[in-house]
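Welcome! Here is a short tour for anyone meeting this structure for the first time. Have a look at the chain, then read on.

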Amino acid sequence: MESLNGINNHSSLPSTHKKPDSSPASRDRFLEGITVLLSRWHGLQMAVQNQWGGLDSFQKSQQLAADVFSWFIQSKAHRAEDLENLLHESMLLSLNTEIEDGSIEEVAEQLMIMHEEYLHGNH
């Protein structure tokens, strides 16, 4: 955890100053990375498999990936707490799933690291 916090604290300053590679291919890889990471999130996959959000649960999981991508691309300040809130609200409101196992925080941290790598051109 300390190293993750160190990365997040350290990365918040450079990420506001450094422009990411905004080529379509780069953005596509970033969105693909978000989608892959979310596809490995057990809580989300349980909600999709059991259709807790209805028959369109899979589409809602894809929309969550698009929403996370948009949040990173459009937002200037990236705070893990804000991302955690986005994930929590989406899971609760779209997929009728309350996640209390700490995985939201873990997924948010992984997404923050992925975004930092994207900013530095590490796809």
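The chain holds 6 helices and 0 strands, where helices (H or I, at least four residues) and strands (E, at least two) are DSSP runs numbered from the N terminus. Reading from the N terminus, the order is α-α-α-α-α-α. Please keep in mind that this is a predicted model, in which local features need pLDDT of at least 70, side-chain atom pairs count only at pLDDT 80 or more, and totals for chains, interfaces and linings use all residues. Residues are numbered from 1 along each chain as its sequence is written, and side-chain values use heavy atoms, with hydrogens and water left out.

**The chain as a whole**

- Of the 123 residues in the chain, 37% are buried; buried means under 20% relative accessible area, exposed means over 50%, and partly exposed lies in between (1.4 Å probe, protein chains only).
- The accessible surface of the chain is about 7,300 Å², and carbon and sulfur atoms account for 51% of that surface; areas come from the Shrake-Rupley method with a 1.4 Å probe, and for residues only the protein chains shown count as cover.
- Among contacts (heavy atoms within 4.5 Å) in the chain between residues at least 6 apart in sequence, 70% join residues at least 24 apart.

**The nonpolar core**

- The largest nonpolar core has 28 residues, and those with the most contacts inside it are I34, W41, F72, L83, L87 and L111; such a core is a set of buried Ala, Val, Leu, Ile, Met, Phe, Trp, Tyr and Cys residues joined through side-chain atoms within 4.5 Å.
- Two or more residues of this core come from each of α2 (24-39), α3 (42-49), α4 (57-74), α5 (80-95) and α6 (103-119).
- Helix α6 gives the most to this core, with 8 residues.
- Not counting residues up to four places away in sequence, F72 touches F30, I34, H78, L83, L111, M112 and H115.

**Aromatic pairs**

- A search of the whole structure finds 4 aromatic pairs; rings of Phe, Tyr and Trp (its six-membered ring) pair if their centres lie within 6.5 Å, and planes under 30 degrees apart count as stacked, over 60 as edge-to-face and the rest as tilted.
- F30 and F72 form an edge-to-face pair, because their ring centres are 5.7 Å apart and their planes are at 65°.
- This pair links distant parts of the chain, with F30 in helix α2 and F72 in helix α4, 42 residues apart.
- F30 counts as buried at 2% relative accessibility, and F72 is buried with a relative accessible area of 2%.
- F30 also forms a stacked pair with Y118, at 4.4 Å centre to centre and 10° between the planes.
- F30 lies in helix α2 and Y118 in helix α6, so their pair ties together parts that are 88 residues apart in sequence.
- Both F30 and Y118 are buried.
- One aromatic cluster is formed by F30, F69, W71, F72 and Y118.

- E84 is found in helix α5.
- E84 is buried yet has no salt bridge, and R79, the nearest side chain of opposite charge, is 8.7 Å away; a salt bridge is a side-chain nitrogen of Lys or Arg within 4 Å of a carboxyl oxygen of Asp or Glu.
- Leaving aside neighbours within four places in sequence, E84 is in contact with I104, E105 and A108.
- Q59 is found in helix α4, and Q59 is partly exposed, with a relative accessible area of 49%.
- Q59 and V48 are 11 residues apart in sequence and 8.9 Å apart in space, C-alpha to C-alpha.

Methods: Lys and Arg count as positive and Asp and Glu as negative; His and the chain ends are not counted.
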